[in-house]
Amino acid sequence: MARRAMRATMKDVAALAGVSPKTVSNVVTGTVFVRPETTERVERAMAELDFVPNLSARGLRNGRSGTIAVALPDLATAFSAELLDSILDVAHERGFAVQIEETAAEPGREYELISRARAHLIDGLILNPIRLEDSAVEHADHLPPVVLIGEVEQHVTDRVFVDSLAASREITRHLLERGARRIAAVGGDDASEIATATSRLRLAGYREALADAGIPLDPALEVNRFPWTMAAGAAGIDELVARGTPFDAVVAFTDSIAIGALHALHAHGLRVPDDVLVAGFDDVEPARFATPALTTIRFDRGAFAREAVTLLESRMSDRSHAPRAVQVAHELIVRASTDRS
C-alpha cells in the first residue's frame, strides 16, 4: 500500500517561494503588510504544494487566538488616529491581529472586552480609560492580560503614560516666559462630573506654574467642554469671551482644542500670537499645519506603542509579576502660535 504524501509545511512554501517562513505566516494571517508581488509568489507556492494552513489547530496548541484588542475613548480625534496607527504598526510587527474598539467613555464597553478576553476570544487588551472611578479595570475581578495607556493611575495592572502634570507645568511656564499673565485653561475646571484623569493632571500643572510665578488663580479663566474636540475648543473661547474676562494666552489641553480655539479667536477679531498666545498638547499632524503653527507638547508615539505592546506580551506570558508603569518622555515644541518676535 502506497504511503500517503507528507503534508506541506510553511517551510516548504517558503523554500519554493524564496521567502522566509515568517513572510509566509504574514501572508496567511494577514496581520502584516506584504508587498503584492511577494504575496502573489507565496500564494502560487501554496497552491502548487496544496498547502492548507490550520490556524485553529495552531491556536489550540498555544492557547491563544493571535488577536489583541485596542480600545480608545474617541476614534474620531487626530490624536487617537495617530496613536492607533503606531500601535497597529508595532502589533503587526509582533504577529498580532488587532481588534479596534471605541469605548466612548462607557465602562460597559470595557467590561465587554474583558469578558471576551476571559473567554479567550482575544489574548489581551490595551485600554485607554478616562477616569479610574468609572473604569472596568478598577472593579473587575481576575483581570485578563491588560495594559492601560494614559493618565489613569492604578496598581492592578501595567500602564504606559506621559507625565501630564509636568508637561502642563512646562507649557504654562513657556507662556509666562513669553510675557503672558492672564492665561486661560481650556480643557479643565473644577466640574468633577466631567473631569477626566488627564484634565485633572493638566489643570494641576497649569495651576502650579501660575502659583510658582506668584499669579493668583482666577476660576473665570478655566473652562472645560467634553468631549475634547475642535468644536469644544471653539466653544471654550466663546464662553471666555462671553464672560468678559480678559486673557492674553490659552493653554489648550489637546491640539484639537487648540485648533478650535484658533478658529474662534479669529472669529472674535483676536490675532494669534499678537493678541493671544496659544499652545496645545500632543503634536498631532494638523498642529504643524495650523495657521499659525501650534506650540505644543510632543512625545514619541512609536516608543509609546512599543512599550504598550511589549508590556502586554509580557503580561500574556506571565500574569504573576507585579504591575509596572512606564513613563514616555515628552518635549516642548515651540512654533509660531507663541512667537511674538
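**Figure 1. Asp89 in helix α5 of the predicted model.** Asp89 belongs to helix α5, which comprises residues 78–93. The coordinates shown here and in the following views are those of a predicted model. With a relative accessibility of 42%, Asp89 is classed as partly exposed, because this value falls between the 20% limit for buried and the 50% limit for exposed residues. Arg306 lies 217 residues away from Asp89 along the chain, yet the C-alpha atoms of the two residues are 9.1 Å apart.

**Figure 2. The pair of helices α10 and α11.** Helix α10 is formed by residues 230–243 and helix α11 by residues 255–267. The two helices pack at an angle of about 50°, and their axes are 6 Å apart. The arrangement of α10 relative to α11 is therefore oblique. The crossing of α10 past α11 is right-handed. On the α10 side, the contact is made by Met230, Gly233, Ala234, Ile237 and Asp238. On the α11 side, the partners are Ser256, Ile257, Ile259, Gly260, Ala261, Ala264 and Leu265. By residue class, the contact of α10 with α11 contains eight nonpolar residues, three polar residues and one charged residue.

Figure 3. Thr198 is located in helix α9, which covers residues 197–212. The relative accessible area of Thr198 is 15%, so the residue is buried. Apart from neighbours within four places in sequence, the residues in contact with Thr198 are Glu151, Ser164 and Trp228.

Figure 4. Most peptide bonds are trans. Phe226 and Pro227, however, are joined by a cis peptide bond with an omega of about 5°. Pro227 is part of the loop that links β7 (222–223) to α10. Val272 and Pro273 are likewise joined by a cis peptide bond, for which omega is about 10°. Pro273 occupies the loop between α11 and β9 (277–279).

**Figure 5. Asp50, a residue with positive phi.** Most residues other than glycine have a negative phi. Asp50 is not a glycine, but its phi is positive, at about 55°. The residue Asp50 sits in the loop between α3 (36–49) and α4 (55–62). Asp50 is exposed, because its relative accessible area of 61% is over the 50% limit.

**Figure 6. Asp283, a buried residue with positive phi.** Asp283 is buried and has a positive phi, near 50°, although the residue is other than glycine. Its position is in the loop between β9 and α12 (285–289). The relative accessible area of Asp283 is 3%, which means that the residue falls under the 20% limit for burial.

**Figure 7. The whole protein, as context for the close-up views.** The secondary structure consists of 13 helices and twelve strands. The C-alpha trace spans about 95 × 45 × 30 Å along its principal axes. Of the 341 residues in the protein, 50% are buried.

Definitions and conventions. Residues numbered from 1 in each chain as written. Predicted model: local features only at pLDDT ≥ 70, side-chain atom pairs only at ≥ 80, totals over all residues. Heavy atoms only, no water. Axes fitted to C-alpha atoms, helices over the stretch in contact; angles between N-to-C directions. Helix = DSSP H or I, 4+ residues; strand = E, 2+ residues; numbered from the N terminus. Parallel < 35°, antiparallel > 145°, perpendicular 65-115°, else oblique. Left-handed = near helix turned anticlockwise from the far one by under 90°. Contact = heavy atoms within 4.5 Å. Nonpolar A, V, L, I, M, F, W, Y, C, P; charged D, E, K, R; others polar. Buried < 20%, exposed > 50% of the residue type's maximum accessible area, 1.4 Å probe, protein only.
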